[in-house]
Amino acid sequence: MSRLLIVYHSKNGHTAALTEAVVAGSRHPEIDVEVRIRLAREAVADDVLWCDAIVLGTPENFGYMSGGLKDFFDRTYYPLEGRVEGLPYAVFISAGNDGEGALTSIRRIVRGYPFREVHDPVICRGEPDPNMLEACEALGTFMAAGVEARLF
Ligand SMILES: Cc1cc2nc3c(=O)[nH]c(=O)nc-3n(C[C@H](O)[C@H](O)[C@H](O)COP(=O)(O)O)c2cc1C
């Protein structure tokens with residue numbers, strides 16, 4: 001069965017709420033994909049080796065990704081070097097009013113693995129609202145359908 005990994009960090013719950021929507025979307029009744037959800041601080045290189053695609057979720061903190069997600073990259077970069085080339089990925093971000101800094105920082109780092117972006121980033125500003133949750137759900141469905149159909 002195809003495998004989707006979702007790695008996220010959330011301090012105050014907004015990104016966690018978006019993650020729930022991504023997970024809900026990925027568990028679409030017509031899609032048969034194994035979904036693994038990991039807090040960024042608990043995610044390890046083997047989780048990445050396990051998956052066919054990865055979704056990364058983070059708040060924007062100080063114009064950057066969260067420390068938790070950065071720590072995930074710091075811990076997995078060398079163990080994964082040369083082993084995950086072209087892994088399909090997508091990003092969702094919870095921000096107060098921006099989100100571009102988090103996106104830029106993630107894109108710069110994943111270029112080193114290198115992962116391959118297969119969906120436009122979903123940037124949610126402010127409290128998660130129904131439209132944002134819907135966008136995250138759609139992202140989860142897209143990623144799950146993509147790995148199941150081996151589209152990426
Ligand atoms: C320490 C800190 C730094 C932040 N820096 C930014 C920032 O640079 N840009 C921005 O748009 N929002 C910023 N925010 C707002 C958060 O990104 C926003 O509240 C987000 O929804 C938090 O997600 P979480 O509830 O999953 O932790 C910051 C919040 C905190 C606590």
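Biologist: Let's start at the ligand: of the 19 residues around it, which come nearest?

Modeller: Happy to begin there, bearing in mind that this is a predicted model. The shell around the ligand holds 19 residues. Those that come nearest are Asn12, His14, Thr15, Pro59 and Gly96.

Biologist: Let's turn to H1. Which of its residues are buried, and why do they line one face of the helix?

Modeller: H1 has 13 residues and spans 19 Å from its first C-alpha to its last, close to the 18 Å expected. Its buried residues are His14, Thr15, Leu18, Thr19, Ala21, Val22, Gly25 and Ser26. Looking down the axis of H1, these buried residues line one face of the helix because they fall within an arc of 160°.

Biologist: What do those buried residues of H1 pack against?

Modeller: Their partners include both strands and a helix.

Biologist: Good, so what covers the buried residues of H5?

Modeller: H5 has 20 residues and reaches 28 Å between its first and last C-alpha, close to the expected 28 Å. Its buried residues include Met132, Cys136, Leu139, Phe142 and Met143, and Glu137 is also one of them. The cover over the buried residues of H5 includes E1, H1, E2, E3, E5 and E7.

Biologist: Which residues touch the most other members of the largest nonpolar core?

Modeller: That core has 44 residues. The ones touching the most other members are Leu4, Val7, Ile54, Val55, Tyr89, Leu139 and Met143.

Biologist: Taking Met143 from that group, which residues does it touch, not counting those up to four places away in sequence?

Modeller: Met143 is one of the buried residues of H5. With residues up to four places away in sequence set aside, Met143 touches Leu4, Ser26, Ala53, Val55, Ala90 and His119.

Biologist: Now the backbone: what phi does Arg150 take, just after H5?

Modeller: Arg150 sits in the segment after H5. Arg150 is exposed, with 8 other C-beta atoms within 10 Å. Although Arg150 is not a glycine, its phi is positive, at about 55°.

Biologist: What about the peptide bond from Tyr113 to Pro114: cis or trans?

Modeller: Pro114 lies in the loop between H4 and E6. Omega for the peptide bond from Tyr113 to Pro114 is near -15°, and the bond is cis.

Biologist: One more from the loop between helix H4 (100-110) and strand E6 (115-117): what distance separates the C-alpha atoms of Arg111 and Gly68?

Modeller: Arg111 lies in that loop, and with 11 C-beta neighbours inside 10 Å it counts as exposed. Along the chain, Arg111 and Gly68 are 43 residues apart. Their C-alpha atoms are separated by 19 Å.

How values were computed:
Residues are numbered from 1 along each chain as its sequence is written. This is a predicted model: local features need pLDDT of at least 70, side-chain atom pairs count only at pLDDT 80 or more; totals for chains, interfaces and linings use all residues. A residue is near a molecule or strand if its C-beta atom, placed from the backbone, lies within 6 Å of it. A nonpolar core is a set of buried Ala, Val, Leu, Ile, Met, Phe, Trp, Tyr and Cys residues joined through C-beta atoms within 7 Å. A residue is buried if 20 or more other C-beta atoms lie within 10 Å of its own, exposed if 12 or fewer, and partly exposed in between; C-beta atoms are placed from the backbone. Two residues are in contact if their C-beta atoms, placed from the backbone, lie within 7 Å. Helices (H or I, at least four residues) and strands (E, at least two) are DSSP runs, numbered from the N terminus. The expected span of a helix is 1.5 Å times one less than its number of residues. The arc is that of the directions from the helix axis to the C-beta atoms.
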